[in-house]
Amino acid sequence: MVAYARKFGEDEQKWAVTALLHDFDWEIHPQAPDHPMKGEAILAERGVPDEIRRAILSHATYSGVPRESLLEKTLFACDELSGLLTAISYVKPTRSIHDVTWKSVKKKMKDKAFARSVNRDDIRNGAAELGVALEDHVNFCLGAMQARAEQLGLQGNR
């Protein structure tokens with residue numbers, strides 16, 4: 001999210017906070033429709049700005065909140081993809097994001113048994129909503145995660 005904020009000339013801190021908060025309630029409310037609706041109410045009580053809360057609501061296709069802003073579209077586009085990239089990293093012999101490639105992502109996207117909870121349609125639709133080719137979106141997010149591999153715990157044992 002921060003890499004996209006930088007690319008689009010947006011507020012990196014706001015985008016980072018949105019990314020960090022968007023699933024904060026997942027362990028409390030792991031089922032639709034509770035997530036993210038009940039979490040949004042908690043964030044409202046704590047004074048989280050409307051723009052961030054709306055983006056969080058819009059990342060759930062069942063929320064009824066359409067994705068309109070660039071922040072909303074980007075959060076949706078990055079959500080499932082970052083989970084898939086992380087999962088692919090974990091099955092690499094080195095357990096490193098640095099060994100994930102577009103080719104390996106394309107292969108794992110076709111394997112419905114791999115990371116089965118990751119919604120492949122959301123990944124494809126997210127790229128389309130951003131107006132970028134899927135391969136470009138994957139490579140952009142992959143590069144962003146590789147740049148922060150150590151912080152993300154994805155450096156592996158290279």
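Visitor: What volume does the largest pocket have?
Guide: About 1200 Å³. A pocket here is an open set of points on a 1 Å grid over the protein atoms alone, with protein on both sides within 12 Å along at least five of seven lines; a cavity is a set where a 1.4 Å probe fits but cannot get out, and lining residues have an atom within 4 Å of a point. Points are joined across faces, edges and corners, and the volume is the space filled by probe spheres set on them.

Visitor: Which residues are closest to its centre?
Guide: H22, C78, D79, S82 and G83, out of the 40 residues that line the largest pocket.

Visitor: And which elements give two or more residues to the lining?
Guide: Those are α1, α2 (12-21), α5, α8 and α9 (149-152). The largest share, 8 residues, comes from α5. The helices are DSSP runs (H or I, at least four residues; strands would be E, at least two), numbered from the N terminus.

Visitor: How do the lining residues divide into nonpolar, polar and charged?
Guide: The lining of the largest pocket has 23 nonpolar, 11 polar and 6 charged residues. Ala, Val, Leu, Ile, Met, Phe, Trp, Tyr, Cys and Pro count as nonpolar, Asp, Glu, Lys and Arg as charged, and the others, Gly among them, as polar.

Visitor: Before I go on, what kind of model is this?
Guide: It's a predicted one: local features need pLDDT of at least 70 and side-chain atom pairs count only at pLDDT 80 or more, while totals for chains, interfaces and linings use all residues. Residues are numbered from 1 along each chain as its sequence is written, and side-chain values use heavy atoms, with hydrogens and water left out.

Visitor: OK, H35 now. Buried or exposed?
Guide: H35 is buried, at a relative accessible area of 3%. Buried means under 20%, exposed over 50%, and partly exposed in between (1.4 Å probe, protein chains only). H35 lies in helix α3, residues 34-45.

Visitor: What does H35 touch?
Guide: Not counting residues up to four places away in sequence, H35 touches H22, D23, D25, W26, H29, H59 and Y62. Touching, or contact, means heavy atoms within 4.5 Å.

Visitor: New topic: α7. Which of its residues are buried?
Guide: R120, D122, I123, G126, A127 and L130. They cover an arc of only 165° around the axis, so they end up on the same side of α7. That arc is taken from the directions from the helix axis to the C-beta atoms.

Visitor: What do those buried residues pack against?
Guide: Against α1 (2-8), α5 (70-91), α6 (102-110) and α8.

Visitor: And what caps the N-terminal end of α7?
Guide: N119 does, with a side-chain oxygen 2.9 Å from the backbone nitrogen of D121. After α7 comes G131, whose phi is positive, near 80°. G131 is in the loop between α7 (120-130) and α8 (134-147), and G131 is exposed, with a relative accessible area of 63%.

Visitor: Which residues other than glycine have a positive phi?
Guide: R95 is one of them, with phi near 55°; R95 is in the loop between α5 and α6 and is partly exposed at 44%. A115 has a positive phi too, about 45°. A115 lies in the loop between α6 and α7 and counts as partly exposed at 22%.

Visitor: Last one, R67. Where is that?
Guide: R67 is in the loop between α4 and α5, and counts as buried at 18% relative accessibility.

Visitor: What does the side chain of R67 reach?
Guide: The side chain of R67 reaches the backbone oxygen of S58 at 2.6 Å and makes a polar contact of 2.8 Å with the side chain of E129. S58 is one of the buried residues of helix α4 (residues 50-58).

Conventions
Polar contact = N/O pair within 3.5 Å; in protein donor to acceptor, adjacent residues only side chain to side chain.
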